[in-house]
Every structure is written in structure tokens, then in C-alpha cells.
Amino acid sequence: MTHKRNAFGRLGQTFAMFRNGKSVAGLSILGAFCLVAIFGDWIAPYGPLDKDFTALRQAPSWVHWLGTTHMGEDVLSQIIYGTRGVLVVGFTAGVIATFIAVGIGVTAGYVTGWRSESLSALTNVFLVIPGLPLIIIIASQYENPSLLLISSVLAITGWAWGGRVLRAQTMSLRNRDFIQAARANGEPLYRIIAVEMLPNLTAIIASSFVGTVIAAVLGLTTLAFIGVIPITNLNWGTILFWAQQNGAFPDFWWWYVPAGLCIALLGMALSLINFGIDEYVNPRLRSAGERARAMRKKGFVLSDRVTAVRPRATDDDSTRQ
């Protein structure tokens, strides 16, 4: 029974960073997008490339809720089907980049000497590599690049910042008493990193993952919008690409505004999750948030102006007057 309680306690501490309001709101929006991506085949009213030649560039109606394209394709169906590609690329790139950042960053922060300097130099090189031009060059070499290839390229060009942060945090942990005790007991390097260090870096790793997903989503939509990714990889960026190519701006707003709003909404959801993690990691932000929530529970309105209270006049003051 005690082991179960300890296990649940550790699990609760791991997910404590997602208990604040920002993280809950972000996770709710992200969960809605995930449901759309999973059940898109059943939710979409039409196929993404089904054409209705009787409704070309039609404004939103009861038949086509978000209007149609110049070929009579349903915009809502394209957005629903495009959600899957955006999330697959974003999360795949986030997982790959996080693994690379953890492996290189934590190792560089724990070891010393030339090994640490070499890994740090490698991280600095990837920090200054121009990501978007490199992605364009690599993606243009393939006629129909797969989502895994796009995700890998985005991950390779996006892991360095998280690795740099993890290296700095690991350097602050490696001289702690529990690390020194594990080292004195003869624990191997992999166990010290996996068992002793990584649980204390969970919040930093989660924040790095979320930031990488945001960058990957923006990178994917940018590549699709400028035409580097073929039209067969349907996502929100390709919708904007075809809208721009066929003169949808600014008259046919229903063709490009929903896709732009989905990009902004997904970015906002991931940013809210990241803000919630930052509030958990930073003790000052966490204590300020806890005080604010406690005051709201007691009925205080934080936006109220503070009324200055004048000190009560004493008998000596009245005598002097």
C-alpha cells in the first residue's frame, strides 16, 4: 500500500506543472485539436478534394459551413484533414528534438573537460545554423518528402536551444549532495543521469518539448505556404498557399481566415501550456500565482485600486494643532 501511495505521489508531482489555469486551458484546446485529428475521417462532411462545381468560391452557408475554394472544395473538410498533418509533424519533431536535447544537453552538463566542451561547441554550431534555408534546401531535393522526413529536419534544426538550457540546469545539479552520494556509491553514469537527474529536469524538458512543437508547427506551415512542401501533404499551410495563389486575398476571407485562426489558436494553446510550466518552474511566479488564486478565493478583486488609508490622529497631534 505504501509503495502505491509513493508511486501516485511521484506521478502527482510529475503532473503538478499542468494543474494551473493556463496549462488546463492550453491542454483543453490542444485536446480538441487532437480529437479532430484522430476522428477527422468521421467529422469531416466531405472529402478534402471533393469538388462541387455548382458552388465555386461560395461564402459560408448551411451546405458548406466555411465556404468553398475556387474548385468547389469544402474549406472546413480541408482544415479538419489538415489538422492531422500539422499535429503529426509538430509532435514528431518535438519528440525527436527533445531526445537529442536531453542526450546532448544533460551529458554535456554532467561530464567535464574536453567532452563537455565538445558537446557544448556542437550545440553552439546548431544554434547559429539558419534553420529555414536549410530546411528549404533539403525538402526541395525530394519530389514528395514524407512527414517523417520533414519532422526530422525540423527537429535537427530545433533541438539546440533546449540542449543549451538543459546543460546549464544540469551543471547546477551535478554538485548537489544527492548526486555526490550516488557518485560515491559507484553508480554508473547512465543511472545517475536517468534516475537522479532527469526527474529533477522534468519541467525543463516539458517546456523544451512544447517550445519545439510550436517552432515545428510554424516551420511546417511556413514551408507549405511558400510552396516547398507538395500539395499532397495537406495541412493548414497548403490551404493558405492555394488561397494566395488563386487571389483569395482579401475578398474571399473564408478561404484563408479559418486556417490562420487555427494556426494562431494552436500556437496560443501551446504557449499557455508553456506559460503554466514556466510558472511551475520559477518559484517567484509560482508563489505569486498561488497568492493571487488565494486572494480570488477570498473574494478580493486584484484589479481593484488600492485606497490609501490615512493614519489616525493621536491626542498629541490634536494638541499641537
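In this predicted model, the residues that line the largest pocket divide into 15 nonpolar, eleven polar and one charged. The pocket holds about 560 Å³ of space. Its lining comprises 27 residues. Those closest to the centre of the pocket are Gly 158, Trp 161, Gly 211, Thr 212 and Ala 215. Five helices each supply at least two lining residues: H5, H6, H8, H11 (202-225) and H13 (253-281). H11 gives the largest share, with ten residues.

One cavity of 30 Å³ or more was found. The volume of the largest cavity is about 40 Å³. Ile 135, Ile 138, Ala 139, Leu 149, Ile 150, Val 153 and Leu 223 line this cavity. Helix H6 (131-139) and helix H7 (147-156) are the elements that give two or more residues to the lining. By class, the cavity lining has seven nonpolar residues, no polar ones and no charged ones. The lining of the largest pocket, by contrast, includes eleven polar residues and one charged residue.

Two of the helices that line the pocket, H5 and H8, also pack against each other. H5 spans residues 114-128 and H8 spans residues 160-173. Their axes come within 8 Å and cross at roughly 145°. The crossing is left-handed. On the H5 side, the contact is made by Ser 116, Glu 117, Ser 120, Thr 123, Asn 124, Phe 126 and Leu 127. On the H8 side, Ala 160, Trp 161, Arg 164 and Arg 167 take part. The contact has four nonpolar, four polar and three charged residues.

Under "transmembrane region", UniProt lists residues 24-44, 86-112, 119-140, 146-166, 201-232 and 252-277. Two of these spans were examined in the model. Residues 24-44 are 90% helix and 0% strand. The end C-alpha atoms of residues 24-44 are 27 Å apart. Residues 146-166 are 81% helix and 0% strand. Here the end C-alpha atoms lie 30 Å apart.

Local backbone features were found in the loops. The loop between helix H3 (40-43) and helix H4 (75-110) holds Arg 57. Phi of Arg 57 is near 50°, a positive value in a residue other than glycine. Pro 48 lies in the loop between H3 and H4 as well. In sequence, Pro 48 and Ser 77 are 29 residues apart. In space, the C-alpha atoms of Pro 48 and Ser 77 are 5.3 Å apart. Leaving aside residues up to four places away in sequence, Pro 48 touches Glu 73, Ser 77, Gln 78, Tyr 81 and Leu 234.

The peptide bond from Phe 249 to Pro 250 is cis. Its omega is near -5°. Pro 250 is found in the loop between helix H12 (236-245) and H13. H13 is also one of the helices that supply at least two residues to the lining of the largest pocket.

Key: Residues are numbered from 1 along each chain as its sequence is written. This is a predicted model: local features need pLDDT of at least 70, side-chain atom pairs count only at pLDDT 80 or more; totals for chains, interfaces and linings use all residues. Side-chain values use heavy atoms; hydrogens and water are left out. Axes are lines fitted to C-alpha atoms, for helices over the stretch in contact, and angles run from 0 to 180 degrees between N-to-C directions. Helices (H or I, at least four residues) and strands (E, at least two) are DSSP runs, numbered from the N terminus. A crossing is left-handed if the near helix is turned anticlockwise from the far one by less than a right angle, and right-handed if clockwise. Contact means heavy atoms within 4.5 Å. Ala, Val, Leu, Ile, Met, Phe, Trp, Tyr, Cys and Pro count as nonpolar, Asp, Glu, Lys and Arg as charged, and the others, Gly among them, as polar. UniProt positions are given in the numbering used here, feature names are shortened, and annotations may be inferred rather than shown by experiment. On a 1 Å grid over the protein atoms alone, a cavity is a set of points where a 1.4 Å probe fits but cannot get out, and a pocket is an open set with protein on both sides within 12 Å along at least five of seven lines; lining residues have an atom within 4 Å of a point. Grid points are joined across faces, edges and corners, and a volume is the space filled by probe spheres set on the points.
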